[in-house]
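Keep the sequence and the model side by side as you read.

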Amino acid sequence: MFTNRENCTVWEKTVVSRAPAYIRHEIGRNYQETTDAQEIGGRNLSRSPASQQLFVIPAESMNYLPKKDDRIKDGICTESSPPTDALTVVSVKDFRFGSDYVQHIEVTAE
């Protein structure tokens, strides 16, 4: 599978004593792409820009399956909590079936 980045960092969101806490995970080679689109909202059909980052992570690079509301950032970050520029995961699609060469997950973050 084609990759264009060496690694990324995911902070798994958990709750400890009713407060959010994070567990850091390092993920290997992946493919990243920025997607630009527009959201149509409400009755007035106003259009607002919606920028998202797509992370395609081959199954062989994964050691943790991200979930909604986790935080993600390109590269290895050693900080125990996510930095302010980390993106929030909005969706995860699991494609770990079929040929071993194409098994992957797709993480969308904004």
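Helices (H or I, at least four residues) and strands (E, at least two) are DSSP runs here, numbered from the N terminus. What you're looking at is a predicted model, where local features need pLDDT of at least 70, side-chain atom pairs count only at pLDDT 80 or more, and totals for chains, interfaces and linings use all residues. Residues are numbered from 1 along each chain as its sequence is written, and side-chain values use heavy atoms, with hydrogens and water left out.

So what is the chain built from? It has seven strands and zero helices, and reading along the sequence gives you β-β-β-β-β-β-β.

Begin with strand β1 (residues 8-16). Strands count as paired if DSSP finds at least two bridges between them. β1 pairs with strand β2 (residues 19-27) over nine bridges, in the antiparallel sense. Follow the pairing along: Glu 12 has Ile 23 of β2 as its bridge partner, and Val 15 stands opposite Pro 20. The two strands make a hairpin with two residues between them, and Ser 17 in that turn has a positive phi of about 50°. β1 also pairs with strand β5 (residues 71-74), again antiparallel, over four bridges.

Now for the inside. Buried means under 20% relative accessible area, exposed means over 50%, and partly exposed is in between (1.4 Å probe, protein chains only). Of the chain's 110 residues, 33% count as buried. A nonpolar core is a set of buried Ala, Val, Leu, Ile, Met, Phe, Trp, Tyr and Cys residues joined through side-chain atoms within 4.5 Å. The largest one here has twelve residues, including Cys 8, Val 10, Ile 27, Phe 55, Met 62 and Ile 72. β1, β4 (46-58) and β7 are the elements that give two or more residues to this core, with the largest share, three residues, coming from β7.

Let's zoom in on one core member, Met 62. Contact means heavy atoms within 4.5 Å. Leaving aside neighbours within four places in sequence, Met 62 touches Ile 57, Arg 96 and Ile 105.

Thr 108 sits in strand β7. Is it buried or exposed? With a relative accessible area of 15%, Thr 108 falls on the buried side. Beyond its neighbours within four places in sequence, its contacts include Gln 52, Leu 54, Thr 88 and Val 90.

Asn 63 is found in the loop between β4 and β5 and counts as exposed, because its relative accessibility is 54%. Its C-alpha atom is separated by 7.8 Å from that of Glu 26, although the two residues are 37 apart along the chain. Setting aside neighbours within four places in sequence, Asn 63 is in contact with His 25, Glu 26 and Ile 27.

Accessible areas come from the Shrake-Rupley method with a 1.4 Å probe, and for residues only the protein chains shown count as cover. The chain exposes about 7,000 Å², with carbon and sulfur atoms supplying 49% of it. Tyr 101 lies in the loop between β6 (87-95) and β7 (104-109), and it counts as exposed because its relative accessibility is 70%.
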